[in-house]
Amino acid sequence: MIDPLADLDIEVQSFDIPRTVSVYPDQAGIRWWTKAWFNNRKEGEASVEITRELALLFIRDNIEKDEWLEEHFPKQMEIYHNAIQQTREQLLQQINI
Amino acid sequence: MTEQELFEKRVIPVMNRVRDDLSHKQAMEAMKFNNSFAGIVSGMGPDGGMAAHMAAMDSLKITGEWNSKTVEDYIEMVKDELKKEDIRVTPDIESMMIDKMVRDQMPKSSIEYIMRKAASNSIFSLADEAMKSPLQHEIEERGEELYGPTKLEKGVGLGIGAAADFLAFGGVGGVGGALKFVGADLALNAVLSPSSSDKKKEEQEMKVIEREGKYKDVPLVVLPGHEEEWLRMQDKENQTIDTEKAEEAMIEALARPSETVQMPVIEEPAQVQQSAEPVQEQTARKENADGWQGVMSTFGLNGLGDIGRNAGYILAMLPDILVGMFTGRTKSLGLKDNMMPVASIIAGMFVKNPLLKMTLIGLGGANLINKAGHEELAHRDGISTGTQFRRYDEEQLDPRIENPQLRGTTLIASIDSIPVTVTLPQKVVDAYSQGALPLNTLANAVLARCDQMQQIGSAQERFEEQSRTETRTLSQR
């Protein structure tokens, strides 16, 4: 009798798109901005000004990364979702062949 | 001067001169063709241009000015020459000319006869034979008759021709196949070309038109001189028939009172026959359905379709099979059981005939792949059907994992909305295909394992980050 799930040795390949987000203030620490980088692009997206309170929420990990991105970079996140959906369809197509 | 003297002194020199002149012109024409672009191109081909060149030469025999000349043309040329010398060709002289050609055509020795016979009975001479004019055929047959070959010479000639054909068709089937092929070829030759003695007999039969007197009832097919014999045979047969009739009458007379008892005895064979008929039909149907099975089995290629259907798997496992030859895992490739295919491949390496080379190497290789492939498939099927797995219950799918689908050994799903492909071990897939492991349970187990791996991965990342001295921005994720 063999237990098929014993010592399950699997190889996982994830098809996520890397995304990085950051917050930073001006020299006086009065104005705050957030900036995002999608798919490891060097330039990154244009910075979006945020309130100090929001910046503190992010710094304290009180908000999810994707939630933050959806709020401040909605267009980029829409493209991201489309790309993920397309990847899923392509994978299914490839396997069905 | 008599016609015979005229023929010997004047006609024969002209015939020889015209023949030599024609041969020279034919040779020059063939040489010119070989040096032309068409001739050079015809010398190219997968078999070294052999077949293409033969075809080109055959076409030259039809289209060439001199090479297309038949025996009839040659006689006309001789007649034209004789006309120039004021010699009138009478039918007798023409007949003498043909007789001379028959003598020229007559084989001079056994070996010449045998080689000529073998060549004319092989498929290689098909085109030549088809192009020969009726007069040419007549001359050759008369030449052969004049030589009077022995039965041994005829047999050897036909045998060599048949053997050449057998090799040209690939030489497949081993010694048994060779004997069958040569035997069938010889039998066909014997049936299709009656011997000269048969012809004489036919002529004799043709001469017998009618019989008179006591032989008037003897059929015409009975040879003259054998009428008495035939009549005696007829008398004997008649006597036998009379005796049989008398016996039947006696049996009938004796059997009449017990007629009802005999009825079932008469019916019995009919019943047996009725029941035998469907069996015969079934056998016939089976033979028709398995028409190629016998041939494939002869070459050790039975079940080759399985290999074709699993070609991808077999090719992928080929390195394993080859390594298995040395480690002893691949048992079907032992030298002891594969002498013939290996010998076939080795023989194919040394044979120059491209057709034979392809056949020998191809069949030998296919035989080995078939055997090793079947062993590999049996090995695979043994794992998937013969193993007992622990049975898992169906679980509810974790909401973090969506739309899991299993294709081969790959599980496709979305974990936290991110598409992932997971390569599973063969035992997991086998357990799933046996129904021991439901898909949702499998997907949950995979998710748990992924999380475990991620935790290990992130712990490692954290450790690496801590050990790095680089400074980062205020907050970045």
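Two strands count as paired if DSSP finds at least two bridges between them. Helices (H or I, at least four residues) and strands (E, at least two) are DSSP runs, numbered from the N terminus.

This is a predicted model, with local features needing pLDDT of at least 70 and side-chain atom pairs counting only at pLDDT 80 or more, while totals for chains, interfaces and linings use all residues. Residues are numbered from 1 along each chain as its sequence is written, and chains are lettered from A and ligands numbered from 1 in the order written.

**View 1. Chain A, element by element.**
Chain A has three helices and four strands. Read from the N terminus, its elements go β-β-β-β-α-α-α.

**View 2**
Four strands line up here in the order S4(A)-S3(A)-S2(A)-S4(B), with antiparallel pairing. The edge positions go to S4 (48–50) of chain A and S4 (475–476) of chain B; each has a single partner strand, so one side of each is left without a neighbour in the sheet. Zooming in on one pair, S3 (residues 32–38) of chain A runs antiparallel to S4(A), and three bridges join them. One spot to look for is A:Thr34, whose bridge partner in S4(A) is A:Val48.

Axes are lines fitted to C-alpha atoms (for helices, over the stretch in contact), with angles from 0 to 180 degrees between N-to-C directions.

**View 3. Where chain A meets chain B.**
The count is 28 residues of chain A in contact with 33 residues of chain B. The largest share, six residues, comes from H3(A). By class, that side of chain A divides into 17 nonpolar, five polar and six charged residues. (Nonpolar is Ala, Val, Leu, Ile, Met, Phe, Trp, Tyr, Cys and Pro; charged is Asp, Glu, Lys and Arg; the others, Gly among them, are polar.)

There's strand pairing between the chains as well: S1(A) and S3 (residues 418–423) of chain B go antiparallel over four bridges. Within that pair, A:Glu11 has B:Thr423 in S3(B) as its bridge partner.

**View 4. The hairpin of S1(B) and S2(B).**
S1 (residues 401–407) and S2 (residues 410–415) of chain B pair in the antiparallel sense over five bridges. B:Arg407 stands opposite B:Thr410 in S2(B). The hairpin has two residues between the strands, and B:Gly408 takes a positive phi near 65 degrees. Stay in S1 of chain B to find B:Asn403, which has a positive phi of about 50 degrees without being a glycine.

**View 5. A:Asn40, another positive phi.**
A:Asn40 sits in the loop between S3 and S4 of chain A. Its phi is near 60 degrees, a positive value in a residue other than glycine. For background, most residues other than glycine have a negative phi.

**View 6. H1 against H4 in chain B.**
The axes of H1 (residues 3–35) and H4 (residues 71–84) of chain B come within 9 Å and cross at roughly 125 degrees. H1(B) and H4(B) are therefore oblique to each other. (Under 35 degrees is roughly parallel, over 145 roughly antiparallel, 65 to 115 roughly perpendicular, and the rest oblique.) From H1(B) come B:Val11, B:Val14, B:Met15, B:Val18 and B:Leu22, which meet B:Tyr74, B:Met77, B:Val78, B:Glu81 and B:Leu82 of H4(B). That contact has nine nonpolar residues, no polar ones and one charged.

**View 7. H5 against H8 in chain B.**
H5 (residues 91–105) and H8 (residues 134–147) of chain B have axes that come within 8 Å and cross at roughly 60 degrees. That makes H5(B) oblique to H8(B). On the H5(B) side, B:Ile98, B:Met101, B:Val102 and B:Gln105 meet B:Ile139, B:Glu140, B:Arg142, B:Gly143 and B:Leu146 in H8(B). The class tally for this contact is five nonpolar, two polar and two charged residues.

Key: Two residues are in contact if their C-beta atoms, placed from the backbone, lie within 7 Å.
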